[in-house]
Amino acid sequence: MPSLSSISGPTYVNSQLLVQQTAYKLSDKIFSYSPETFDLDVAVKEWAEANEKNVHGETTTVVPLQTRAGAGAFALGYIFSKDFDLAKRHVPQTLLAPSLSLRHLRSSLDQLALLYGVSSPFVAHVAAADYSAEKGLGADYATALQIAEDLGLALVSSSSAYEVQHMSLLATLLASVLPTLHIYDGIRTARESLRVVDALGEAHIADIYAKISKEAAALNKRLDTAGKVVELLKAFNNELGTSYAPFEYHGHEAPETVLVVFGSAEAQLAKQVASALAAEGKKVGTIVVRVYRPFVEEAFLEVLPASVRQIAVLGQVADAAAVEDANVQSALYSDVLTAVSFTDKLSQAPEVVDVRYAVTDAHTPSSIASIFNKLTSKGEAEPVAFSLTAVEEAQQYVFWDVDNSSAAASASAVGKLLETEQSNNVYVHQTYDNLVQGGVVRTDIRVSQKSIEAPYPVESADVVFVGEEKLLKEIAIVKGVKAGGKLIVRLPNFKEDELEKRIPAAAQKEIQEKGIELYVLDSSSSPALEKEAGLLVDVAFLRVARADITKFDSLSADQTALTEAVNALDQSVRKVEVPAKWAEVENTVAPLVDSVKPNSFVAFQKEEEEETSSLENWQSAAKGFAFKEAYGTQNQLRPDLTVKTYTIKVKENRRLTPTDYDRNIFHIEFDLGDSGLTYNIGEALGIHADNDPEQVLQFIQAYGLNADDLVQVPSREDPAVLETRTVYQSLVQNVDILGKPPKRFFEALAQFATDEEEKKKLERLGSKEGADEFKRLTEEDTVTYVDVLDMFKSAHPDFNDLVRIVDPTKRREYSIASAQAVTPNSVTLMIVVVNWVDTKGRTRYGHATRYLSGLAPGSTITASVKPSVMKLPVKDTAPLIMAGLGTGLAPFRAFVQYRAMQKAQGKEIGSILLYLGSRHQREEYLYGEEWEAYLDAGVITLLGAAFSRDQPEKIYIQDRMRQTVTDIVKAYIKEEGSFYLCGPTWPVPDVTAVLEEAIAAEAQESSRKVDPRKEIERLKEDGRYVLEVY
Ligand SMILES: Cc1cc2nc3c(=O)[nH]c(=O)nc-3n(C[C@H](O)[C@H](O)[C@H](O)COP(=O)(O)OP(=O)(O)OC[C@H]3O[C@@H](n4cnc5c(N)ncnc54)[C@H](O)[C@@H]3O)c2cc1C
């Protein structure tokens, strides 16, 4: 590890080292949650050991902690201990952690946020990195976004190693205002070695911190948190001469399509691709979110060009299932939608779309350009290939090897040698996939005169080295060599006439077609070097890639061995003629995998003992070894994560709409008995619904299963936990067998097809080429997993495999329509049955609404409680203005019940304005008699009901609001009421427009100058403008 003082000016580093440097210099204590192989805290530990001093003149204490349930309590305990030295109150406390730890830290962060007024400044530097045994490693930002939003923390991001020091500093400064998370890519940039030309040294960090801390202390106390953050950012830019902003726009000056992005690689690529496309005249741009929380809507709208017609949000969600689940919205999307919904800046309201991607989806210039292409072509568009000019101009190399190879370290040694050339910027990154060939390591090296930002694997290499010939049979390595590039394959004991046998057919064809120069490295021709072939690989690679380099001294301290390697070169490296007939080779093998997927940060440690007895096959065992900390976490019961569930009994299930009406909306009430379930007003109930037993039995019979066999399946409450159940039970409760199959199911099922035709068809459906067919099957025919298994009878996975490839059932949420203070022993929901007719003419039903609508009184169900943003104002006398469409009225019933109870108790309550909307009064006046009774009793002050189709002209909820705008002015503005809208999203802009009119009217009346849009933003921040849309 470099010493603290050596980090300054031009230096080879990685992001993680720079984060540690800033953290060490500024903190009193560093609490670190670094799984062993993540190495998030190696440098700070060393510096603490060496007694290096921080800016406060002391040695920073490093406290390494374990990631597990309740993690975080230790840090809290220290900050709030009664022995805490109060002279240190102003000194930041720091956390270093991967995003996978955030879940365990949530409750501690929650408490910290609540007690922040008396806490030291607290900053968490979070390496976006999560791990799951199934999906490997992924840069998880979604968890941080969610936690920042839920707990009210600040969240800033770094999009590259070049700015990670600045953002670490900024985050530490923001921590004087509110607890702050700083997030950066933990998979690639955190670990990629590169040269940062202007790294801030110790003294410079101390200086900036001291100056801006002073400005922070002098901030106007009356500013809200967003205002303070903006001011601090200004001070920061002034000091450093930078131009960071909460949102940064790049691209065409009058774009029609704008992509909003958060996250390191995403932001980096989006800004470069958008700028390149704009330079070609395409009307596209991108907004990079640097400060996600507080979400300064004003700043967002300021950078949003007025010409925009379409805003796409590149929103990260947990996994592929969430990408395809139409009910899931990315966190960023909700913010952008809200910001755009009530601006008057844009003459025409832009369309806002959520382009979701999973944590493990890694972006490239092509993937981003394809997103732009799809957005601008309005419809299905083929993916496009796109590359960044600066990256193309760099020299790019890839090394492939198995990780126990004697030459596994060669790539890094070559990288180090190239770094000694002063005019170069060298980027070195390693990816480990421990599930291919017992452990594969891929090393990417880029060498460029200019500094480049390319947070993605090399796609078109000048030279590729393959250290193990077997890899050519499994991975599409040649695809990654550019046309006219060079390929070096290490083939021990090579004989010329065996060339054809040793280079697989698929590779032969591509080598010939792309005009690739082929080199063979045969280390066995030099017996002395055979065992320790690393040096020979180094010099052989350099001879082929960089014949101009003749000085190899820095490769090894053992100069004799080095000379031996150089002398062996002529004998060992051979350029072979590529036979012309290779172009005609028939490739009969299945397509190879494109590349490897990162699933570890280190090589496969084969000597370790298996730790977890519940693992069932060698692959899972391998994953367990590969990443024992995280895998261990995944397999434990996680009491902190598991949603608490309760068993409650149906008391009443009553249809609210006439039986001959096409929409079945019903009221369902549950008896809480002694379940212990408690809920607050505005919260939602999570329902774990069963599959239809009859359809399950039919499937069991048709598929030839035994209903009573015992099997292990993921638990409903936490899919990371396995539970033992019968086949029947698991199909009714755990496995989403009657749900919508995602694309990857077709891909997985293809592996089991024995009929070649079926296999091909399934593969096609699971691939990009079959996108149209897949869409037709799933969106028009709306097939279920069962339907697909029936269509492809030769694909017949056994039950264990089936459970692996079919998603677990997911809970659905419903706003609670009762107040527990009024009905202590029951909970009520109002639900609309989701149904449709499929292309075969079958009536089909939504999973949860079918189950719930059919429940007879006395049936028991499993439920959980989900917190919500819908809260009553603190003051009982504050008016409520509520707007609900259809089932969106549910939470308002709870609000009104509660206020009615207060009134009955003699308390003074604020006025209640209720606006409701549906199609017809006769059929859909939901809880109409209750509202009318509350109106008579003086609980509801104004009832504005809009029945859109009861008269020739359409009347909507916003029309009723506009007719009574003076009542809204009085309740909302003069009497400081709170506004709520629940249900579908579409009325949001129209309804908000009425509220803005009310604000403007009141301002005019009282001769004040008010910007209605800003006023809504303020109201939103104060919890007086609340949306719950689904
Ligand atoms: C905070 C919150 C509060 C909510 N409150 C309420 C409330 O008070 N009342 C209420 O009624 N709802 C409420 N919802 C919505 C509710 O959670 C469910 O989304 C809704 O009831 C549908 O669930 P389902 O399981 O019946 O349908 P799903 O099975 O989830 O189906 C939903 C849609 O997916 C599609 N689909 C399903 N299966 C297939 C298939 N095989 N192929 C292709 N497409 C398919 C269909 O288009 C269908 O319309 C709320 C949601 C949230 C987030």
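The model is predicted, and local features are taken at pLDDT of at least 70, side-chain atom pairs at pLDDT 80 or more, while totals for chains, interfaces and linings use all residues. Residues are numbered from 1 along each chain as its sequence is written, and side-chain values use heavy atoms, with hydrogens and water left out.

**First stop: strand S4**

Select residues 93-98, which form strand S4. Helices (H or I, at least four residues) and strands (E, at least two) are DSSP runs, numbered from the N terminus. In S4, 6 of the 6 residues are buried, a term that means under 20% relative accessible area, with exposed over 50% and partly exposed in between (1.4 Å probe, protein chains only). Gln93, Leu95 and Ala97 point one way, Thr94, Leu96 and Pro98 the other way.

Follow the chain from S4 through helix H4 (residues 102-114) to S5 to trace a right-handed β-α-β crossover. Right-handed here means that, with the strands pointing away from the viewer, the path from the first strand over the helix to the second runs clockwise.

**Second stop: strand S12**

Select residues 257-261. Strand S12 is largely enclosed by the rest of the structure because 5 of its 5 residues are buried. Thr257, Leu259 and Val261 lie on one side and Val258 and Val260 on the other, so that both faces are covered.

S12 pairs in the parallel sense with strand S13 (residues 284-289) over 5 bridges, and Val260 stands opposite Ile287 in S13. Displaying helix H9 (residues 264-279) together with S12 and S13 shows a right-handed β-α-β unit. S12 also pairs in the parallel sense with strand S15 (residues 310-317), over 5 bridges; in S15, Ile311 is the bridge partner of Val258.

Select the ligand and the 23 residues around it, of which Arg812, Glu813, Tyr814, Ala848 and Thr849 come nearest. A residue is counted as near if one of its heavy atoms lies within 4 Å. This shell divides into 9 nonpolar, 9 polar and 5 charged residues. Its largest share, 4 residues, comes from S29.

A polar side-chain atom of Arg812 lies 2.7 Å from an oxygen atom of the ligand. A polar backbone atom of Val832 is 3.1 Å from a ligand oxygen atom. A polar side-chain atom of Arg844 lies 3.4 Å from a nitrogen atom of the ligand. Taken alone, the ligand exposes 970 Å², and the protein buries 80% of that (Shrake-Rupley method, 1.4 Å probe).

**Last stop: backbone features**

Select Arg293 and Pro294: the peptide bond between them is cis, with omega near -5 degrees. Pro294 lies in the loop between strand S14 (291-293) and helix H10 (297-303).

Move to Asn51, in the loop between helix H2 (42-49) and strand S3 (61-64). Its phi is near 60 degrees, a positive value in a residue other than glycine, and Asn51 is partly exposed, with a relative accessible area of 46%.

Notes
A polar contact is a pair of N or O atoms within 3.5 Å; within protein, one must be able to donate a hydrogen and the other to accept it, and residues adjacent in sequence count only if both atoms are side-chain atoms. Ala, Val, Leu, Ile, Met, Phe, Trp, Tyr, Cys and Pro count as nonpolar, Asp, Glu, Lys and Arg as charged, and the others, Gly among them, as polar. Two strands pair if DSSP finds at least two bridges between them.
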